[in-house]
Amino acid sequence: MEIPRQSRVVAMLGPTNTGKTHYAIERMLGHRNGVMGLPLRLLAREVYDRIVALRGPSVVALVTGEERIVPPRTRYWVCTVEAMPVDLMMDFVAVDEIQLCGDPDRGHVFTDRLLNARGINETLFLGSDSVRSRIASLVPETRFERRDRFSALSYTGERKLSRMPPRSAIVGFSADDVYSIAELLRRQKGGAAVVLGALSPRTRNAQVELYQNGDVDHLVATDAIGMGLNLDISHVAFSGLSKFDGRHHRSLHPNELAQIAGRAGRYLSDGTFGVTADAGVISSEVVEAIENSRFSPLKKLQWRNANLEFGSAAALIASLEATPSGPDLVRARDADDLETLRIASDIPEVRKRLRLPEDVRLLWDVCRVPDFRKVALNEHAALCRKLFGFLHDGGSVPTDWLARQINKIDRQEGDIDTLSKRLAYIRTWTYVAQRSGWLEDSDHWREETRAVEDRLSDALHQRLTQRFVDRRTSVLMRRLKQKEGLMADVTESGEVSIDDQFIGRLDGFRFRLDPSANAEQIPTLRAAAIAALAPVYALRSDKFYNAPDTEFDITEQGGLMWGEHAVGKLIKGADPLSPQVQPFVDEDAAPEIAEKIRRRLGHFLDRRIAALFEPLIALRDDESLSGMARGIAFRLVEMLGIVPRSEISNDVKPLDQDQRAGLRKHGVRFGQFTVFMPALLKPAPTRLRLVLWALNEGLDEFPESPPPGLVTVPALEGAPKGYYARAGYRLAGQRAIRIDMLERLADMLRPLDARQGFEATPDMLSISGLTLEQFSGLMQGLGYQATPGKREKHKAKPEARAVSANTVPHETAPDAGTAGAGTPESDQAAPGSPGGAEFSNAGEASPDAAGNAPSDATAGPAEAIKTAGVPEDVSRLSPEPDEAAAQSAEMEEFYIFTRRPRTKSPRTQNARPKANGHAGRGADSKRQKQEAHKETGGKKRPQKKPRGADPLPRREKPVDPDSPFAALQALKLRN
């Protein structure tokens, strides 16, 4: 660019936050056209967006190494310093961060712009005071302007990451440092935005937006933020004081620290800077220099010859290696493009193509392709060699070859490192697409590479956010800082969300935090839940209090349910019918919420107990009962309506008829085995009775109630003592039978002779709902002995056979000789009492094990006893021979049930009660013994032979010749 003679050159120098960039934009827009060079692609994009907002996109161009937006009517150019169009004559030229002339890597480019870039009317250099003396020496016509910070910058010393204040930027000097710091902030602070120089503008803008809009309160970045990125930062913390500059590790210079620290404090807001716990200490001299913006001036500016010779590769290399003549300049170290040129020019296939200066110039343009991939120089030189071959031989890069390279990159799966590498690769092809004449359809490939870069950028932003931002925690922390109240959204399933962020589940009135939340997230989630659920608790408690009783229920473990929600549990009260309520309400809810829940559950419980135990409560409150009747009523209330008769037999005996009538009017039934209230045997009272009993007994686990409708149930292993009585059953062997059906069975057994033995009738099997084999086990559990046998199965006859005198007719019902321990007085089963035949086990009842009715069921047990080997005198008549021959030989099983003998003792004899004037089972009464003694004349009654024993042979006596039967005996012997 030729330097105009009348150009006005101004150097505006000063620290950060002085408004230099804003001033340059205003100056450029005051001219007809202009160009502005910026140090970073990211900063160029930021300035471009600001000018587009002021002038519109039709007159603003953006040119960087990888991006080129040039409208036909362009008036204002925003570029990186390397991409500034040096062949255009503009009214205004500005270069930002001019102090980078001293940078070892890129300084020679800034120095070239300082020496050669001029606007027709105005040239403006922006930067630090450290470059003032060098500009004055090299460009003596420069007019200097000094600007001071709008706000103060102060040092706060060392601070842990966990104590880092909001709106802080933590600076790392490698990608690994940035990632580790961001990961730690995610666990402790809810997340952080990540900004690296290698990010695409799209990814960088998306990450910055997370920080600027308050989704996160912390930013982790490399030193790229020091180059003019204008962010809302209050504090800058250095995680280290040295960096790798591409060649070796070195300490940061004071002016470099100041450039980064100066990002803290925007406009009139003061800023602070410091270090993290493991970064080291900044010396007091450096702190003073940063706070006062006083730095040592640059001694030398980096320079590389811009007047290049293209006669040959060697001539070009020699011109690039030329040294400066002035004292203010120093030759820059060899850059990547020069190193690549040396390697490529030594390749034979490249060297043979270098015939003309145009060939050397083309090779130099190719070697200037940046090594975005950060690979070895030889690998980068191989790519440049291939590109040079395409451009030299064919004039352009083959479309199909370029398409294959781009397709390999256009994939969005992978982690952060994988996507970052793909972005670096696509930046190479984006740079190639921006070069004029390198591709056949440059516009198409610019759009294509830009689209691929955008897709990769979006994917990288998503991965960065997923890894380093706990969006839920950050959103909740931001909302907690706001003054307006939090509002929680609660779904029908109880899921609680705040601003679309799931925080937990509300079950009734208890809040459960998201189980996936870690220890760092829990305090924030809990604080947000307390603030957001307060109105939810109030509304829900009102709905709960006004809900009908039909929406509530009591579980078999004593839990209180409101629909599907557990809202409380029962706890032991003063007596079984007066349990207390413990509501399930979150500890963070208001106390009045818990009290309202407790009061409503108490009303429901009182009404439920009053409805299901109405007869029992009426019995308890009957003041007309007196004496022993009131004692029995107390025991019934205490035992919730069911008392084994053996426990109160001594109290029942002295009751007179009026007292019995007073109890019966409340539904009390005096059974042979149990004194109970049949109305309380229904499923609902039984279920609640078990809960109240288990609660009163202090059981850790409440036993379940038997399935409703079953007459017998298998014995429950490990059942607690008293369970069967409270369940309305009596344990008999391996099964338990319902107490009302047991009384009906006892009524059937009462008329039978338990001493001689009897068989089960179809009615017995029907009401018990058992097979013959199961029924035998039940009878043994009730105190009977079951003797099995087999016999030929006969068809039932229409008329019953004659029975012996020992068989008791079924119609008679004597009061003595019944099953069980003694023969206590028993009420007959009422026709309408619960537990009739309609409650028997469906499909289980069968008269015998074969499933057929026994043929001799109506003939009594005598014939069966004979078949089993009992004496002939107690057996029935045998069938006629012709009839027996007609019977099938099919066998059937049967059981003879007899009263099981008990060991006699004075205690058991005295304790056994009498009923209806008869002695108890197992011994004759004293009166019966006396009468028997009189009938035998004082002699002992002959003992009966045991059943089943073989008859003893009769002893032959000599015949008395004088006997009138002597003749008959002689006649018998003769025949």
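How many bridges join strand 25 to strand 26? Select residues 565-571, which are strand 25, and you'll find four bridges to strand 26, with the two strands running antiparallel. Strands here are DSSP runs of E with at least two residues, helices are runs of H or I with at least four, and both are numbered from the N terminus.

Before going on, a word about what's on screen: this is a predicted model, where local features need pLDDT of at least 70, side-chain atom pairs count only at pLDDT 80 or more, and totals for chains, interfaces and linings use all residues. Residues are numbered from 1 along each chain as its sequence is written, and side-chain values use heavy atoms, with hydrogens and water left out.

**Stop one: the sheet**

Gly568 has Pro583 in strand 26 as its bridge partner.

Now widen the selection. Four strands make an open, antiparallel sheet in the order 23-24-25-26; two strands count as paired if DSSP finds at least two bridges between them. Strand 23 (552-554) and strand 26 (580-583) are the edges, each pairing on one side only. From one strand to the next, the twist averages 30 degrees.

Axes are lines fitted to C-alpha atoms, for helices over the stretch in contact, and angles run from 0 to 180 degrees between N-to-C directions.

Buried means under 20% relative accessible area (1.4 Å probe, protein chains only).

**Stop two: helix 3**

Select 107-116. Eight of the ten residues of helix 3 are buried, so the helix is largely enclosed by the rest of the structure. Among the buried ones are Phe110, Asp112 and Arg113. To see what they pack against, show strand 6 (92-95), strand 7 (122-127), helix 4 (132-138), strand 17 (301-303) and strand 18 (329-331).

**Stop three: a helix crossing**

Finish with helix 10 (336-345) and helix 12 (357-367), whose axes come within 9 Å and cross at roughly 130 degrees. The contact includes Leu338, Leu341 and Ala344 of helix 10, plus Leu363, Trp364 and Cys367 of helix 12.

Technical notes. Buried < 20%, exposed > 50% of the residue type's maximum accessible area, 1.4 Å probe, protein only. Contact = heavy atoms within 4.5 Å.
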